[in-house]
Amino acid sequence: MAQNINTQLDEVTEQLAQGISMLIRSLDSVNQRVDALNNLTNKPNIQTLKLVKNKALLNQDFETCEALKIYAQTRNIEI
């Protein structure tokens, strides 16, 4: 049962990362992407941010990578 819950949590985290990735990719500039991340009501956890970063790297979306880097620096987190 615990493994089933963990699997479901992983799936939800993946879906959240996909949604965040789509949202910030739709914005034109790095600054707009950073602002979007800062303006999220519920801040994503580090695991979710890592998934967003991995998706950006796979898509060669370097603006999102840069936005995540800036966001992480302002929050003193490492992703």
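Which residues does Thr 64 touch, not counting residues up to four places away in sequence? I noted first that this is a predicted model, in which local features need pLDDT of at least 70, side-chain atom pairs count only at pLDDT 80 or more, and totals for chains, interfaces and linings use all residues. Residues are numbered from 1 along each chain as its sequence is written, and side-chain values use heavy atoms, with hydrogens and water left out.

**Thr 64.** I found that Thr 64 touches Ile 24, Arg 25, Arg 33, Val 52 and Ala 56, where contact means heavy atoms within 4.5 Å. I placed Thr 64 in helix H4, residues 62–75, helices being DSSP runs of H or I with at least four residues, numbered from the N terminus. Because its relative accessibility is 1%, I count Thr 64 as buried (under 20% relative accessible area, with exposed over 50% and partly exposed in between, using a 1.4 Å probe and protein chains only).

**H2 against H4.** I then looked up helix H2, residues 30–38, whose axis comes within 8 Å of that of H4 and crosses it at roughly 50°; the axes are lines fitted to C-alpha atoms over the stretch in contact, with angles from 0 to 180 degrees between N-to-C directions. The contact includes Arg 33 of H2 and Thr 64 of H4, and I recorded its residues as 7 nonpolar, 3 polar and 4 charged (Ala, Val, Leu, Ile, Met, Phe, Trp, Tyr, Cys and Pro are nonpolar, Asp, Glu, Lys and Arg charged, the others, Gly among them, polar).

**Positive phi.** Gln 60, in the loop between helix H3 (46–58) and H4, has phi near 55° and is exposed at 59% relative accessibility.

Definitions and conventions. Helix = DSSP H or I, 4+ residues; strand = E, 2+ residues; numbered from the N terminus.
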